[in-house]
Amino acid sequence: MRTEIATLGEFGLIDRLTEGIKLENESSKYGVGDDAAVLSYPSEKQVLVTTDLLMEGVHFDLTYVPLKHLGYKAAVVNFSDIYAMNGTPRQLTLGVGVSSRFSVEMIEQLYEGVRFACKEYEVDLVGGDTSASINGLTLAVTAIGEVAKDKIVYRNGTQVNDLICVTGALGGAYMGLHLLEREKRALAGHPNPHPKFEGYEYILGRQLRPSARLDIIQELAKSDLVPTSMIDITDGLASEILHLCKDSNKGARVYLNRLPIAQETNRMAEELHADPVVAALNGGDDFELLFTVPLAKQEEIFALGIDVIGHITAPDTGVALVTPDDQLIPVQAPGWVAEKQESEANNEG
């Protein structure tokens with residue numbers, strides 16, 4: 001069954017998508033149904049706000065990204081930004097620009113993913129907007145959260161000799177993306193495609209259904225550990241460590257043999273004749289937390305099962321990778337723009 005959006009109109013669509021939403025957070029005073037949401041935060045808290053704009057053809061490909069997964073991921077990546085400030089997300093708003101090729105049922109799938117993420121992370125969906133779009137699907141997601149004033153963590157607080165910590169394996173999401181792209185190319189034009197995903201559930205999950213590290217934030221709080229700096233890994237480890245060092249005016253040493261890389265990531269990289277270390281450094285979309293703590297907190301970090309991959313150095317030492325034979329390689333971060341340009345060049349060829 002396909003219901004055209006035009007048969008409901010904007011307000012009818014909003015009513016259908018937001019039916020049954022209940023507010024759970026004390027700071028959410030009024031949500032969907034008026035010109036603006038009403039929020040109230042206590043004076044001892046800092047309010048955190050983060051926004052992402054996601055555009056079809058740039059940030060996601062609906063050939064292989066289910067709409068429910070897209071909605072879930074769009075919410076979770078914003079929650080991750082709040083956790084990266086040592087905060088707790090409380091509210092979410094969602095703006096959707098949609099073309100006529102989408103039915104009401106398709107947008108309901110998208111919202112189902114968003115609402116599932118909000119339920120899982122105990123976040124209130126308090127508003128948003130829908131609009132007609134000429135080209136494809138566009139999402140504008142804003143997350144609002146809170147953090148105690150003495151617990152907030154910025155990118156610029158790291159100190160010399162601080163330990164560099166990462167909360168989980170890297171490169172899996174990037175390898176998952178390559179698997180999806182490989183199967184898309186292999187099955188192009190097939191009337192009844194059957195992609196070969198067996199055995200690669202881990203890397204597919206890292207790409208399509210990532211997790212924000214609420215568990216780590218909770219464990220740090222229980223241990224009374226406040227990082228000196230923190231960032232979530234969206235553009236690859238190399239990019240994020242450069243952000244921390246630039247904002248703190250420090251250098252760093254990151255040990256290649258300490259990078260956490262999952263076995264399935266290594267296996268996919270071997271199939272593609274790729275380097276899993278490059279995936280970990282430049283792949284992105286892992287949404288792990290990268291943070292620093294004083295050297296004196298080393299045992300407490302190990303007790304939480306968090307990987308220590310290096311340490312912070314003086315600013316004049318630069319940011320470098322340390323190979324197993326103690327060679328130094330300066331850290332560079334090509335980032336998503338370079339990858340996009342390289343992809344376009346390959347397509348033109």
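Two strands are said to pair if DSSP finds at least two bridges between them; helices (H or I, at least four residues) and strands (E, at least two) are DSSP runs, numbered from the N terminus. The model is predicted: local features need pLDDT of at least 70, side-chain atom pairs count only at pLDDT 80 or more, and totals for chains, interfaces and linings use all residues. Residues are numbered from 1 along each chain as its sequence is written, and side-chain values use heavy atoms, with hydrogens and water left out.

I begin with strand β7, residues 163-166. Antiparallel pairing over four bridges links β7 to strand β11, residues 307-313, where C165 stands opposite V308. Four bridges also join β7 to strand β10, residues 289-293, again antiparallel; here V166 faces L290. From β7, L163 and C165 point one way, I164 and V166 the other, and all are buried (under 20% relative accessible area; exposed is over 50%, partly exposed in between; 1.4 Å probe, protein chains only).

Next, the nonpolar cores: sets of buried Ala, Val, Leu, Ile, Met, Phe, Trp, Tyr and Cys residues joined through side-chain atoms within 4.5 Å. In the largest, of 64 residues, F79, L92, L137, L139 and F291 touch the most other members. Helix α2, residues 67-83, gives the most to this core, with nine residues. A second, separate core of 22 residues includes L237, I241, I309 and V331.

Finally, how many disulfides are there? With a disulfide taken as a pair of cysteine sulfur atoms within 2.5 Å, the count is zero. For C165, the nearest cysteine sulfur, that of C245, is 13 Å away.
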